Amino acid sequence: MLKKIYLDWKDEIFTYRRQLSLALFLALIAIILNMLSGNYVDKVGTAQPADLILDALPPIDLSILYAIIFFPAVIFIIVRPFVSRIQKIHYVIGVLSVFLVIRAGFAVLTHLMVPIDAVHPSWIPAFYDPFSFSNYLFFAGNVGVLFLGFLMYESKPVKYYLLTASILTAIIVLFMHTHYSIDVLAAYFITYGIYKFGDFIFGEEKDGKK
Amino acid sequence: MAKSNFKDKYLNWKKEIKKVIKPLIISIIVFAFASLVTLWAARYTTRIDTVYSPDLVLDNLPVQDWGFLFFIWPIVVISVGLLYSLIVEPKKSYYFIYMASFLYLIRALFIVLTHLSTPYDAIDIPLYFENDVFFSGHTALPFLCFLMFKRVWAKAFMLFSTFLMGFVVLITHRHYSIDVAAALFITYAVYKLGNNIFYKISAERK
């Protein structure tokens, strides 16, 4: 039984091997670009502007909430297609990679520095380490990636879960002062544009978009 | 023959304008309100303490005094946009104005949030306000028109204006590069979101 499931899974992977290869290649580029741009902005970030929302919110350590809400949701976005939506693996990896590449592009442009009173999350899992930099501010990737999940999946409960997680993460990062408010608000608008662009490139298998 | 053809077209246009006159007036009132909100937001950013930020593009782009284009081209864009709306697609004129108002309101919201100043070496422009940097309205408005308009010549003009304005605000150092890059994405999302609201309103009237 288990072997049959495994063989079916392997067959499906084989069917989509070309799209998957392209998506994985793009993912590799995206990860490298993220690390390069993250290291760059950590060196050059200098400007710490005041912020209407942050100035009104006292910084609070919500590391535990962040760990409980954000990381499981990210893992869910990545793992879900491998488990139950194999025809969607290349789509999810591809759109996520486009998201990461565009975010890396934005991050290096204007050199903002993390707010002075930011409370950095006390725990970050190993898989997220390559994407975690303190001055990696514009736009808020943690908020954007969950919103991207909301846009990519069509199942209602999944959508509600990811949208809720995205809004909660937005509130948490503002309370922790790890992002400026334009980073968070712009993340929703920019992610929508990225989703449309990524969907245009990787979204041919419409039956797989479930 | 040509004269009567022109007269027919004029009468037809007049009929179409008459049909949409009420929503057109309402949309102009909404636009005036959105402009006031934007003006208020820009006055706010002029008053408050701000800091400027280094920028990868600006630091490598020597500042040039293209203030004339910075000032005049948006007026050209608005004039072409208005004439297009009223003459070429009068039925949708109020929809265009609603969409522009919506973009202005979203921009007003953004500019009051994070207090960056206009780059320190920006060229001097005799404006009533300063520091309304994120996101670039110069880039956003022609891009919105590009997305909304149907005629190829109008689309081409607006796309050209988008790139021209994006370049001008960067070379004059009046905006940071994220202001320009983000303007395109934000405008696209505003267009999609605004379509859901205002296009339905205009479709219901048909």
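A:Val119 touches A:Pro59, A:Ile60, A:Asp61, A:Met176 and A:Thr178, with residues up to four places away in sequence not counted; contact here means heavy atoms within 4.5 Å. The model is predicted, so that local features need pLDDT of at least 70 and side-chain atom pairs count only at pLDDT 80 or more, while totals for chains, interfaces and linings use all residues. Residues are numbered from 1 along each chain as its sequence is written, chains are lettered from A and ligands numbered from 1 in the order in which they are written, and side-chain values use heavy atoms, with hydrogens and water left out.

A:Val119 is placed in the loop between helix 5 (89-107) and helix 6 (141-152) of chain A. Helices (H or I, at least four residues) and strands (E, at least two) are DSSP runs, numbered from the N terminus. A:Val119 counts as buried because its relative accessibility is 19%, where buried means under 20% relative accessible area, exposed over 50% and partly exposed in between (1.4 Å probe, protein chains only). A:Phe71 is 48 residues from A:Val119 along the chain, and the C-alpha atoms of the two are separated by 17 Å. The loop between helix 5 and helix 6 of chain A also contains A:Phe139, and the peptide bond from A:Phe138 to A:Phe139 is cis, with omega near -5°.

Chain A as a whole has eight helices and one strand, in the sequence order α-α-β-α-α-α-α-α-α. Along the principal axes, the C-alpha atoms of chain A fill a box of roughly 55 × 30 × 30 Å. Of the 210 residues in chain A, 53% are buried. Among contacts in chain A between residues at least 6 apart in sequence, 86% join residues at least 24 apart.

Chain A and chain B bury about 2,400 Å² between them, and carbon and sulfur atoms account for 79% of this area. A:Thr110, A:Ile182 and A:Phe189 supply 27% of the area that chain A buries against chain B, more than any other three residues. Buried area is the accessible area (1.4 Å probe) that two parts lose on being put together, summed over both. The contact takes 28 residues from each of chain A and chain B.

In chain B, B:Ser27 is placed in helix 2 (residues 21-47). B:Ser27 is buried, with a relative accessible area of 0%, and touches B:Tyr94, B:Ile97, B:Tyr98 and B:Ser101, not counting residues up to four places away in sequence.

Backbone geometry was also examined in chain B. Most residues other than glycine have a negative phi, and most peptide bonds are trans. A cis peptide bond joins B:Phe134 and B:Phe135, with omega about 0°; B:Phe135 lies in the loop between strand 1 (114-115) and helix 6 (137-148) of chain B. B:Asn131 is in the loop between strand 1 and helix 6 of chain B and has a positive phi near 65°; B:Asn131 is buried, at 11% relative accessible area. B:His173, in the loop between helix 7 (152-171) and helix 8 (177-205) of chain B, has a positive phi of about 60° although not a glycine. B:His173 is buried, with a relative accessible area of 2%.
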